[in-house]
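This report describes the interface, ring interactions and backbone features of the structure shown below.

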Amino acid sequence: MEDSKQSNNIRNQFKNLVDIVKVNISDYFMFFALVIIMIIFTITTDGVFISSRNISNLINQMGYIAVLAVGMTLIIVIRHIELSVGYLAGFLGAFAAIAMTFWGWPVYAVIPVVMILGMLAGMLTATPVARLGVPAFVSTMAAGLIYRGALLLVTMGTGTIVIRDPVFNAIGNGFIPDLPLEGLLPGRHKLTLLIGLIAIILSIVTSIKNRKTKLSYNFSVPRTSLFILQLVLVSGLIGYVSWILSGYNGISWSLVILLLVVIVFQFITTKTPLGRHIYAVGGNPEAAELSGISVSKITYIVFAAMGLLSSLSGIMYASRLRSATTTAGLGFETDAIAAAFVGGVSAAGGVGTIIGSIIGALVMMSLTSGMNLMGIDISIQYIVRGAVLVLAVVFDRITRKDK
Amino acid sequence: MQTPILEMKSITKEFPGVRALDNVTFSVRQGEIHCLVGENGAGKSTLVKVLSGVHPYGTYSGEIFIEGELQTFNSIRESEKAGIAIIYQELALIPELSVYENIFLGNEITDGMVIDSNESISQAVDILKKVGLDVNPLTKIKNLGVGKQQLVEIAKALKKDVKILILDEPTAALNENDSDNLLNLIRGLKEQGVTCILISHKLREVLEIADTITVLRDGRTVVTLDAHKDVVNEPVLIKHMVGRSIDNVYPKREKIQPGKEVLRLENWSAFSYNLGRDILKNININVHEGEIVAIAGLMGSGRTELAKSVFGNADGYRLSGKVFINGVEEKFRDPGDAIKASMAYVTEDRKANGLILIDDVKHNISLANLNEIVTGGVINENEEILVANRYREQLDIRTPSIQQKVRNLSGGNQQKVSLGKWLFVHPDILILDEPTRGIDVGAKYEIYTIMNSLVQQGMSILMISSELPEILGMSDRIYVMSAGKINGEMLVEDATQENIMQLAVDY
């Protein structure tokens with residue numbers, strides 16, 4: 001009797017767990033998919049894929065697309081599209097190269113100027129959209145053509161412009177310095193491990209603090225066992241990633257920039273009124289306007305942020321190549337849009353998260369990296385990436401239906 | 001006894017966490033007008049969706065028989081083939097296409113590969129005659145009024161071989177005249193042998209037209225009444241619908257002496273660039289503290305435009321005239337300014353421009369006043385939960401949780417969320433645009449009770465309504481609008497449905 005009751009209880013708990021997974025499956029699916037993709041490539045490449053060196057490379061290659069994907073997410077959330085970001089990134093990268101190489105500007109002046117230019121460019125593109133209701137598709141495609149022309153124009157005389165500034169070139173190729181502790185943990189990047197440790201401690205402390213606040217409000221919280229499981233999983237993940245990165249050169253400057261971008265945008269979108277307003281405009285622009293939210297202001301802000309991120313992308317790419325080329329930025333917008341959609345953003349507006357798009361970018365970049373390691377031809381790579389994109393969106397549609 | 005044309009037996013339909021239909025039995029006789037009534041969330045729409053194949057066979061339990069034959073619809077197309085046509089509250093016409101093109105949409109008459117326009121038009125003329133609509137079949141839908149569009153929708157249904165015509169709240173958006181026409185048409189169709197199922201919140205209209213009335217409550221069939229034999233009247237129906245009797249549809253309110261003037265419009269006019277004409281002409285109105293002022297008028301008389309133009313002019317009309325709030329002249333640049341001046345506007349169409357349907361209850365409630373729950377630039381989500389729960393309790397919003405997406409709530413509960421959102425702004429002046437449109441009697445009563453308690457606390461309400469009984473039952477003072485002008489003002493004591501209507505139709 002007691003036994004059957006207990007087994008019933010366990011069965012119910014299991015059923016609850018299954019229900020929770022079912023309800024949230026579309027939220028976590030891409031994360032699982034990412035893990036599975038990584039495991040598959042690790043097996044097919046005899047562990048080369050998950051090696052410190054490859055993961056480090058993968059992140060550096062992903063950086064300039066991932067920052068674009070963050071901005072693109074917000075653009076799509078407010079029901080628009082940005083087709084000019086690739087060429088804008090390319091043009092601004094060339095601008096930075098010219099400013100440093102030909103005009104002799106110091107790198108610390110070039111970077112902020114380029115970022116401001118990016119923001120202004122975003123606002124310029126947004127103007128016909130926000131003021132007159134011109135479709136963003138048209139406005140940004142036109143802007144893209146103009147930046148493409150501008151890039152060709154400024155590189156016409158010289159072709160590729162080589163950048164020699166070591167600080168600038170470190171952005172896409174360099175790593176943060178290590179702690180001067182020779183004897184300790186040889187072959188490991190100590191500062192990376194230390195940062196990982198700090199991140200773990202911070203995440204545990206804030207989680208506990210949030211739980212306490214919730215309790216002080218008398219809100220229900222997950223059971224202690226579940227809570228601890230969650231802490232262990234998150235800490236384990238951070239720890240594992242830091243451990244892998246510490247095995248090569250540690251955290252790269254690209255990753256630092258990407259993390260800062262993600263933290264800032266994740267904070268704005270989830271914690272601030274501005275973020276709430278962005279999702280409200282995406283969910284129902286008319287209702288948002290009547291709630292005292294200026295739709296045109298939000299449109300300007302989101303496009304300006306996209307422009308700013310395009311400038312970062314341009315800087316990261318030019319730095320990675322140590323030069324500005326005539327083809328820089330080609331197709332970036334497609335990769336960014338793909339990452340956002342794989343990450344669960346909805347073209348109908350109002351749905352999509354920063355973290356989701358980063359996972360989307362990781363999925364796409366893992367595919368490229370893994371297939372490169374396996375020596376798969378580029379033609380097949382395109383086909384596979386296209387198939388994954390459409391499958392991800394189809395799966396998202398199916399699981400979100402009826403909810 | 002003859003086989004019923006439609007029989008639904010023991011229908012049970014569950015959604016995650018909710019049993020929307022619980023063993024519902026519903027039987028319709030050949031050639032009758034069968035009305036389906038019930039509170040919002042009672043399961044009427046779900047029942048229709050099961051019947052029409054929107055919820056395919058297998059996703060519910062129970063059986064559907066049409067003329068004695070078991071049906072297993074997997075899509076709307078299959079139910080249409082079986083002779084079921086549904087006309088939804090939200091019309092499904094293409095505005096840019098003509099009347100005849102809409103009527104034959106999806107079933108075009110072709111000559112070889114080409115659409116035979118002449119044949120289509122001549123058939124359309126015949127069908128339009130059937131529904132008593134006298135328009136040129138080449139007219140674009142967007143140039144017709146809502147009432148006529150509804151008739152086109154019915155014509156479209158009739159063109160297919162319809163056995164059972166289902167109308168979901170067909171008169172919700174119609175004025176009295178168009179409603180009467182529509183009801184007459186339904187009677188005419190009955191004579192031609194079409195069986196009609198009518199879903200409606202307007203009980204008077206139900207009593208006028210029904211042969212049989214089925215009442216649903218909480219997903220169950222409560223009773224099926226024969227309108228010709230049983231004792232059927234409004235109180236009886238209401239009692240079945242809510243499970244309790246409502247003595248009076250309009251709760252009593254201690255009338256208090258109105259306080260100081262809180263809102264005044266002087267020579268308020270608006271010009272619409274889209275329409276190229278004045279939509280509001282020289283409007284002078286005022287609202288006092290603790291007062292419910294109603295704006296009556298037919299659809300298209302400019303009532304909503306008046307509210308929106310005052311409330312920050314989101315539609316961008318060219319305005320002239322003056323607005324005074326608490327005696328001070330204000331110039332609002334956008335709705336945000338109006339909110340800061342302690343106004344609130346609960347929109348007429350909660351789905352189109354009132355709520356973020358894909359977002360949850362708590363985010364919708366806090367949206368217009370996030371500043372109140374922000375500390376150091378960050379939204380305090382715990383405070384947000386408290387706020388949302390407070391309004392959930394105060395307004396009795398029935399939802400499994402405040403994390404529930406608003407689109408999953410019934411109309412009445414959505415309206416309460418909308419109301420909660422605007423009460424959280426702590427307004428002095430609350431504009432309610434059709435506060436009870438498309439919601440059931442029980443929820444209406446609750447909304448009226450809330451309105452009464454708000455004005456008793458000193459709030460002022462400007463209510464726009466198409467329902468004359470509601471205006472007479474709730475307001476203190478009435479302005480009647482027609483063609484963008486105020487045609488008259490009267491105290492509720494002096495008002496009757498007739499004299500309001502007279503002013504409303506006087507251009």
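**Interface between the chains**

Contact is taken to mean heavy atoms within 4.5 Å. By that criterion, 35 residues of chain B and 25 residues of chain A take part in the contact. This is a predicted model, in which local features need pLDDT of at least 70 and side-chain atom pairs count only at pLDDT 80 or more, whereas totals for chains, interfaces and linings use all residues. Residues are numbered from 1 along each chain as its sequence is written, chains are lettered from A in the order in which they are written, and side-chain values use heavy atoms, without hydrogens and water.

The two chains bury about 2400 Å² between them, 60% of it on carbon and sulfur atoms; buried area is the accessible area (1.4 Å probe) that two parts lose on being put together, summed over both. On the side of chain B, Ile356(B), Leu367(B) and Asn382(B) lose the most area to chain A, together 21% of what that side buries.

The interface of chain B and chain A holds 2 salt bridges, defined by a side-chain nitrogen of Lys or Arg within 4 Å of a carboxyl oxygen of Asp or Glu. A salt bridge joins the side chains of Arg276(A) and Glu384(B), at 2.6 Å from N to O. Among the elements of chain B that give two or more residues to the side touching chain A are H13 and H14; helices are DSSP runs (H or I, at least four residues), numbered from the N terminus. H13(B) gives the most to that side, with 6 residues.

**Aromatic rings**

The whole structure contains 16 aromatic pairs over all chains. Rings of Phe, Tyr and Trp (its six-membered ring) pair if their centres lie within 6.5 Å; planes under 30 degrees apart count as stacked, over 60 as edge-to-face and the rest as tilted. Tyr317(A) and Phe332(A) have ring centres 4.9 Å apart and planes at 85 degrees, so the pair is edge-to-face. Tyr317(A) belongs to helix H12 (residues 295-321) of chain A and Phe332(A) to helix H13 (residues 332-342) of chain A, 15 residues apart. Ring pairs also link Tyr64(A) with these two residues into a cluster.

Tyr317(A) is buried, with a relative accessible area of 18%, and Phe332(A) is likewise buried, at 7%. Buried means under 20% relative accessible area, exposed over 50%, and partly exposed in between (1.4 Å probe, protein chains only).

**Positive phi**

Ser10(B), although not a glycine, has a positive phi of about 45 degrees. Ser10(B) is partly exposed, at 37% relative accessibility.
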